[in-house]
Amino acid sequence: MLISRLYRWPWPRCRAAGALLLLPLVATAQGKKDTEKAPKAPQAPGADTAARKVPNPRLFRSELPFDITLTLNMKQIRRDKQPNAPWRWARLSYTDAAGKQVAVPVRAKTRGVWRLKHCDFPPLRLKFGDKTADGTEFANLEEPKMVGFCRNTTQYEQYNLHEAQLYRIYRHVTDLSHKIRVLRIAYADSATGQVETTRYGFIIEDPAQLAARSGGKILDRKGATAEDLDPAHTAMVYTYLYLIANTDVSFNGLHNGEIVSLPDGRYAPVAYDFDFSGIINAHYAGTDPSLPIRSVRTRLFRGWCAHDVAYPAVYETFRAKRPAIEALYADTIGKLMTPGTVKSALGYIAEFYQDIRTPESARKALLGDCVK
């Protein structure tokens with residue numbers, strides 16, 4: 001069992017979350033919070049739920065943008081602002097390589113806290129049936145999150161594309177990170193049959209499938225501290241978070257972070273949800289008043305001092321991956337971003353590499369602010 005301790009996390013969008021659960025971290029195959037679970041079909045006695053978590057769905061085997069139509073009752077889903085919103089009927093459709101129209105029934109529900117208040121259209125979690133998606137691009141997706149348009153503007157669409165890039169950067173430095181697929185989503189209203197808008201977004205890999213790729217499981221209890229988590233994986237995550245300038249995460253509080261129990265007994269943190277990152281610099285993004293920074297553009301290292309010996313090897317990984325990371329802003333998805341956004345991102349990344357250019361500069365810029 002992991003040691004459970006009370007640890008305040010000073011990050012935006014979680015200040016009203018209440019007290020942490022003072023419980024040991026427990027492994028669960030589903031990796032879902034109770035408030036987001038939907039009823040599952042009965043299984044035969046002895047059936048292994050974890051075995052159903054196929055770790056490599058077809059949708060994530062390509063990184064090329066994928067055109068789909070999402071049909072649902074737009075007015076109804078916009079009204080679902082409550083924390084325990086119901087699952088609603090929806091349909092995903094696309095044209096396959098042979099020119100055939102493919103339609104997959106799916107259930108959708110609103111999710112999140114901050115975005116439900118801020119966005120004109122809410123973020124969604126999708127739930128695919130056991131058989132209805134078989135043989136399609138959506139096979140075996142389980143219950144992924146969809147990041148769609150928040151507000152129907154080009155600026156917000158650029159935020160989505162840049163956040164997708166950050167997930168792709170994360171994938172370059174560690175396999176223990178979420179796969180994503182960029183989508184060009186046409187939003188059709190089931191009540192009228194009309195397409196309201198078409199915007200870029202993306203689907204994020206189900207956490208249980210991420211864990212299954214490493215043979216592990218997602219943990220569903222709060223309270224992890226430095227001594228609980230594997231130093232190498234933790235150093236990797238906090239270096240990545242420093243690169244993109246994201247302080248909107250807590251592995252102790254499971255806020256925009258989750259923990260994977262690996263087969264060898266180690267516990268590894270995984271971050272997600274990067275729209276408050278300084279590299280994106282969304283106009284709505286801010287920092288918590290308790291932090292010694294006032295702009296998301298100001299990098300602040302939040303890793304633990306106890307893991308300092310793990311960082312030199314992590315810096316080497318980032319240095320080796322720099323060409324591949326920068327190339328993302330010139331590929332098919334990078335070309336969907338505005339030239340100004342690309343220039344700003346590459347300049348911001350270059351500043352990170354200046355910070356880790358030598359052991360001395362890295363210790364000063366990063367570990368000088370480590371959490372004791």
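The model is predicted, and the values below are computed from its atoms. The chain has 372 residues, of which 55% are buried, and its secondary structure comes to eight helices and 11 strands. Two disulfides are found, and a search of the whole structure returns four cavities of 30 Å³ or more.

**Chain as a whole**

- The accessible surface of the protein chain comes to about 16,100 Å², and carbon and sulfur atoms account for 53% of that surface.
- When contacts between residues at least 6 apart in sequence are considered, 69% of them join residues that are at least 24 apart.

**Disulfide of cysteine 119 and cysteine 150**

- Cysteine 119 and cysteine 150 form a disulfide in which the sulfur atoms are 2.1 Å apart, and the link is left-handed, with -95° about the S-S bond.
- Cysteine 119 sits in the loop between helix 2 (114-118) and strand 5 (124-128), while cysteine 150 sits in the loop between strand 6 (145-147) and helix 3 (154-173), so the pair ties together parts that are 31 residues apart in sequence.
- Both ends of this link fall under the 20% limit for burial, because cysteine 119 has a relative accessible area of 6% and cysteine 150 has a relative accessibility of 12%.

**Disulfide of cysteine 305 and cysteine 370**

- A disulfide also joins cysteine 305 to cysteine 370, with an S to S distance of 1.9 Å, and the torsion about its S-S bond is about 95°, so this disulfide is right-handed.
- Cysteine 305 lies in the loop between strand 11 (267-271) and helix 6 (311-327), and cysteine 370 lies in the segment after helix 8 (359-365), so the pair ties together parts that are 65 residues apart in sequence.
- Cysteine 305 and cysteine 370 are both buried.
- With bonded cysteines counted along the chain, the disulfides follow the pattern 1-2, 3-4.

- Helix 3 has 20 residues and spans 29 Å from its first C-alpha to its last, which is close to the 28 Å expected at 1.5 Å a residue.
- Helix 3 is mostly covered, with 16 of its 20 residues buried.
- The largest cavity holds about 150 Å³ of space, and of the 16 residues that line this cavity, the closest to its centre are Arg115, Val147, Gly148, Cys150 and Asn160.
- Helix 2 and helix 3 are the elements that give two or more residues to the lining of the largest cavity, and helix 3 gives the most, with four residues.
- Cysteine 150 therefore belongs to two of these descriptions, being bonded to cysteine 119 and being listed among the lining residues closest to the centre of the largest cavity.

Terms used
Residues are numbered from 1 along each chain as its sequence is written. This is a predicted model: local features need pLDDT of at least 70, side-chain atom pairs count only at pLDDT 80 or more; totals for chains, interfaces and linings use all residues. Side-chain values use heavy atoms; hydrogens and water are left out. A disulfide is a pair of cysteine sulfur atoms within 2.5 Å. Buried means under 20% relative accessible area, exposed over 50%, partly exposed in between (1.4 Å probe, protein chains only). Contact means heavy atoms within 4.5 Å. Accessible areas come from the Shrake-Rupley method with a 1.4 Å probe; for residues, only the protein chains shown count as cover. The expected span of a helix is 1.5 Å times one less than its number of residues. On a 1 Å grid over the protein atoms alone, a cavity is a set of points where a 1.4 Å probe fits but cannot get out, and a pocket is an open set with protein on both sides within 12 Å along at least five of seven lines; lining residues have an atom within 4 Å of a point. Grid points are joined across faces, edges and corners, and a volume is the space filled by probe spheres set on the points.
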